[in-house]
Amino acid sequence: MNSLPVLTLFSLIAATPTFADALSRVLDSSGFAKAIYITLFILSVFTWAVVIKKLIDLKNEKRLGTSFRKRFQETGGDIMVLSREGIIARNSPSRIFVAAYEELRLWTSLDSQTGTLISEKPIGPALERTLDRAIDAERTMWEWGVTFLATTANISPLLGLLGTVWGVFSTFQAIHVEESPGLKTVAPGMAEALLTTIAGLLVAVPAVVAHNAVVRRVNAIEQELEHFAGQILNSFERQVRYVEEMGVAGTWKAGTPKTKGKK
């Protein structure tokens, strides 16, 4: 009696379809089911292409972005030092810094005697708007592929369900034609129905996981950029002086970029 569970387990393992069996059933399926398989295969290929690209891009962004923020802290955000080094906009923090610096050049001039930047008007609001636009542009760039992942995650199970319904419909048609339907009549249609469901889920699950991971990382990047934008504004506040119409010198007061809601 103790050997019965073991024999049952081996029977179940022996009855489990192998990859070759599943592939054979896919190749023997109807034209409609094959169209679904091909569509799901294409979606899967593009999904993994987006996932791999995102993994590489986000890894590089973390390394390069951390390096630039560290250099910014080491120089105390000194505009002159950073501009002389020649900032290469290869990551999000450096790109928003360059955007703010280009806006700064439009509003200021360099005092050759003191080596300070002078502006006739307070430029804090203009820099804030520039940084906000730069952050929006970065979020849009990093959200590339997210819509495709969401679309794949939503339609793949539906395509699998469509194949399931078609397989069940084919089964009932076969039963209607046969006078004495047996397992050989029912099995092909049911196998086709189940395989399309499995295929849809195999495509949808990675897309859902990747979509959630990318959205979470994009939100984290946006928060980091908003924090860094505040540091840029504070740094410029310490270094830029302006002359009012009455000729009184002072420093312009910078605020912080607006905080955007999660998308």
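Mentor: Happy to; we can start with the overall layout and then turn to the side chains. Keep in mind that this is a predicted model.

Trainee: Good to know. How many helices and strands are there in the chain?

Mentor: The chain has eight helices and four strands. Starting at the N terminus, the order of elements is α-α-α-α-α-β-β-α-α-α-β-β.

Trainee: And what is the mean pLDDT of the chain?

Mentor: The mean is 79, with 73% of the residues at 70 or more. Residues 1-16 have pLDDT below 50, and beyond near neighbours in sequence they make zero contacts in the model. Residues 245-263 also have pLDDT below 50, but that stretch has 43 contacts beyond near neighbours in sequence.

Trainee: How should I treat places like that?

Mentor: Where pLDDT is low, the predicted coordinates should not be read in detail.

Trainee: Okay, new topic. What span should α3 have, given its 44 residues?

Mentor: At 1.5 Å a residue, α3 should span 64 Å, and its end C-alpha atoms are 64 Å apart, so the two agree. Just after α3 comes G76, which takes a positive phi of about 70°.

Trainee: Let's look at rings. How many aromatic pairs does the structure hold?

Mentor: There are seven aromatic pairs. One of them is F46 with F148, an edge-to-face pair with 6.2 Å centre to centre and 70° between the planes.

Trainee: Where do F46 and F148 lie?

Mentor: F46 is in helix α3 (residues 31-74) and F148 is in helix α7 (residues 146-177), so their pairing ties together parts that are 102 residues apart in sequence. F148 is partly exposed, at a relative accessible area of 29%.

Trainee: Are F68 and F228 buried or exposed?

Mentor: F68 is buried, with a relative accessible area of 9%. F228 counts as buried too, at 0% relative accessibility.

Trainee: Which residues form one aromatic cluster with them?

Mentor: The cluster consists of F68, F72, F97, F228 and F236.

Trainee: And what lies over the face of W144?

Mentor: That is K53, at 5.7 Å from the ring centre.

Trainee: Now the inside. How many residues does the largest nonpolar core have?

Mentor: That core has 31 residues, and those with the most contacts inside it are I96, F97, L104, L127, L131, I232 and F236. Two or more of its residues come from each of α3, α4 (79-85), α5 (92-107), α6 (124-142), α7 and α8. The largest share, 10 residues, is from α8.

Trainee: What does L131 touch?

Mentor: Leaving out residues up to four places away in sequence, L131 touches I96, A100, A229, I232 and L233.

Trainee: Last one: how many of the 263 residues count as buried?

Mentor: The figure is 35% of the chain. As for contacts with a separation of 6 or more, 75% are between residues 24 or more positions apart.

How values were computed:
Residues are numbered from 1 along each chain as its sequence is written. This is a predicted model: local features need pLDDT of at least 70, side-chain atom pairs count only at pLDDT 80 or more; totals for chains, interfaces and linings use all residues. Side-chain values use heavy atoms; hydrogens and water are left out. Rings of Phe, Tyr and Trp (its six-membered ring) pair if their centres lie within 6.5 Å; planes under 30 degrees apart count as stacked, over 60 as edge-to-face and the rest as tilted. Buried means under 20% relative accessible area, exposed over 50%, partly exposed in between (1.4 Å probe, protein chains only). A charge sits over a ring if NZ of Lys or CZ of Arg is within 6 Å of the ring centre and within 35 degrees of the ring normal. A nonpolar core is a set of buried Ala, Val, Leu, Ile, Met, Phe, Trp, Tyr and Cys residues joined through side-chain atoms within 4.5 Å. Contact means heavy atoms within 4.5 Å. pLDDT is the predictor's confidence in each residue, from 0 to 100. The expected span of a helix is 1.5 Å times one less than its number of residues.
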